[in-house]
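Please open the structure in your viewer and keep the selection tool at hand.

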Amino acid sequence: MKTKLITNREDLIQKFEYFCKKHLRNYASKRNFDLGPPHKNVSNLSPYIKRRFVDENEILKISTKYFNIQKIEKFVQEIFWRTYWKGWLESHPWIFRDYENEKKYPEIPKRTGIKCFDHWTEELVETGYLHNHARMWYASIWIFTLNKPWKLGANFFKKHLLDWCPASNTLGWRWVAGLQTVGKYYLARAENINFYTNKRFNPKNQLNENIQTIASESFDEKVLNPVPDKFLEIKNFYNPGVVLTNNDLTINNVFAEKKIDFKSCIFTDSNNENFKSELVLNFEKKLTENIFKTINDIKLISNLNELISWVKREKIKNLIIPYETVGNNILNKKSFLYKLNEENINYNFYIRDWDRLAYPYATKGFFNFKKKIPDLLKLNEIVDIDKGL
Ligand SMILES: Cc1cc2nc3c(=O)[nH]c(=O)nc-3n(C[C@H](O)[C@H](O)[C@H](O)COP(=O)(O)OP(=O)(O)OC[C@H]3O[C@@H](n4cnc5c(N)ncnc54)[C@H](O)[C@@H]3O)c2cc1C
C-alpha cells in the first residue's frame, strides 16, 4: 500500500495544478468517497499545508487560476477548516492541555475482524494518511464499537499521521466522541461506509449503531483572545534572522516578497520528536533537505545553542520565529526563552496575516466563522467578492 511521497515544492505544485485541472471541478460531489490510495478525489495537501511547505494563500491563488471562487466554495471552506480549528484552540487552550495528559501511545491495534477498520489501521501505518471520511469512521468505531478511550485513538493518529495537527486532530476526535458539539456525536454506520467506499467495505452487523451514553465533561474556563495583543509588523528591520520550523517552512517568502534582506536558518529539534513514527520523521527530514537545497546560504540548526551561536556570528538584530499555536511549541518554551533573554537576543514570534485576521472569528462555531470567509479572501488579496461565496 506504500505511496510515493512528494518532498519538493516544484513537484507538489505541479501535482496540485493537475488536481485543479482534473478533479477540483467535482470536489464537492466526490470528496466524501474513500476509494482507497492514492485518493485522487481530494488534494492530499494536508501534510504540506500543516507545515506551510505550501501555504493556504498560495493554494487558493492557484485554484482561482482555474475556477471562479464561487465554483469551488466547498474546497475553499475546507481549506479554512484548519484555520478555524487552530483559532478555536487558541481561545480554548485548556482543551488541549486536558488531552495532553494522556501520555500513552497505543500499540498498533491487532486485527479486529472488522475489515474496513483493519484496512485503515494498515493504511495509516503504511502511508501516514487517511481520507477524512475514513478518519471519522475509524474514530467512531474506535470509541463506540471497540469502546476504547478517544484520547488513545488521538495519540495513535498523532504518531502516524504525516499531517498531525494538534487542533484538527484533537478537535476532530472530540467532535466524533460528542464532546466538541455538546450532544452531537458521529456514528459510523455500515450502510454509509458501504456507499462511500464504493462497496469496498460493508461491516453489516459488526458496528455498534445504537449508542446509549456518550462522554461528558465540564471546564470552568474563560474563552481567551485568540490573537496576541501586539503583533509584529514587517518593516525594514536591520539584519533580521528568519527561523524556519516545522510550523512554517516558507515564512522566508513573506520577507522576500517585501524585499527585505534577511539571513535564514531551519531549526529542527529532535527532542520534540520522540512520539513520531519513522515514516513521519523521514518525511520531515526530506522536506528539510529540500528547503536546504533550494535556499541560498540557509543554515541547518538542531539545538538552541547552535541557534544562539548563529545569531551572534551573523550579528542578527531581530530573530523572527513562526508564531506557535497551541500544541505546536518548538521554541516557545520557558527554558528556551529564558536563554534567549539571557543572551540579550531580541526575538519575535511572527503571526501570519492569514491567521491573525481569521482567528478572532473562530471562537464559536464554524457556521459563524464561514460567513467571514469572503472578507478574509478579500483581506488576503485572493479575490475581491462582495457577496457570500
Ligand atoms: C478524527 C479526525 C482526525 C483528524 N486529524 C487531522 C490531523 O491531525 N491533521 C490534519 O491536517 N487534519 C486532520 N483531520 C482533518 C481531515 O481529515 C484532513 O485534513 C484531510 O483528510 C486531509 O486530506 P486532504 O489534504 O486530501 O484534504 P482536502 O479535502 O483536499 O482538503 C484540502 C485541505 O483543507 C484542509 N482540511 C480539509 N478538511 C479538513 C478538516 N476536517 N479539518 C481541518 N482541515 C481540513 C486541509 O488542510 C486539507 O489539506 C482529522 C479529521 C478527523 C475526523
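Predicted model: local features only at pLDDT ≥ 70, side-chain atom pairs only at ≥ 80, totals over all residues.

**The ligand and its shell**

Select the ligand first, together with the residues around it. The shell numbers 27 residues, and the closest are Tyr27, Ser43, Asn44, Asn132 and Asp163. Colouring this selection by class shows 16 nonpolar, 7 polar and 4 charged residues.

Next, display the side chain of Ser43, where a polar atom lies 2.6 Å from an oxygen atom of the ligand. Proceed to Ser46; here a polar backbone atom is 3.0 Å from a ligand oxygen atom. Then select Glu78, which places a polar side-chain atom 3.0 Å from a nitrogen atom of the ligand.

**Helices and domains around the ligand**

Which elements give two or more residues to the shell around the ligand? They are helix H3 (46-50), helix H5 (73-91), helix H8 (132-145) and helix H10 (166-177). Now colour by domain: domain 1 (9-91) and domain 2 (96-196) each supply at least three residues to the shell.

**Helix H15**

Finally, select helix H15, residues 334-342, in which Phe336, Leu337 and Leu340 are buried. These three lie on the same side of H15, because they cover an arc of only 95° around the axis. Turn to the other side of H15 to find Lys334 and Tyr338, which are exposed.

Definitions and conventions:
Residues numbered from 1 in each chain as written. Heavy atoms only, no water. Near = heavy atom within 4 Å. Polar contact = N/O pair within 3.5 Å; in protein donor to acceptor, adjacent residues only side chain to side chain. Helix = DSSP H or I, 4+ residues; strand = E, 2+ residues; numbered from the N terminus. Nonpolar A, V, L, I, M, F, W, Y, C, P; charged D, E, K, R; others polar. Domains from an automatic or database assignment. Buried < 20%, exposed > 50% of the residue type's maximum accessible area, 1.4 Å probe, protein only. Arc of directions from axis to C-beta.
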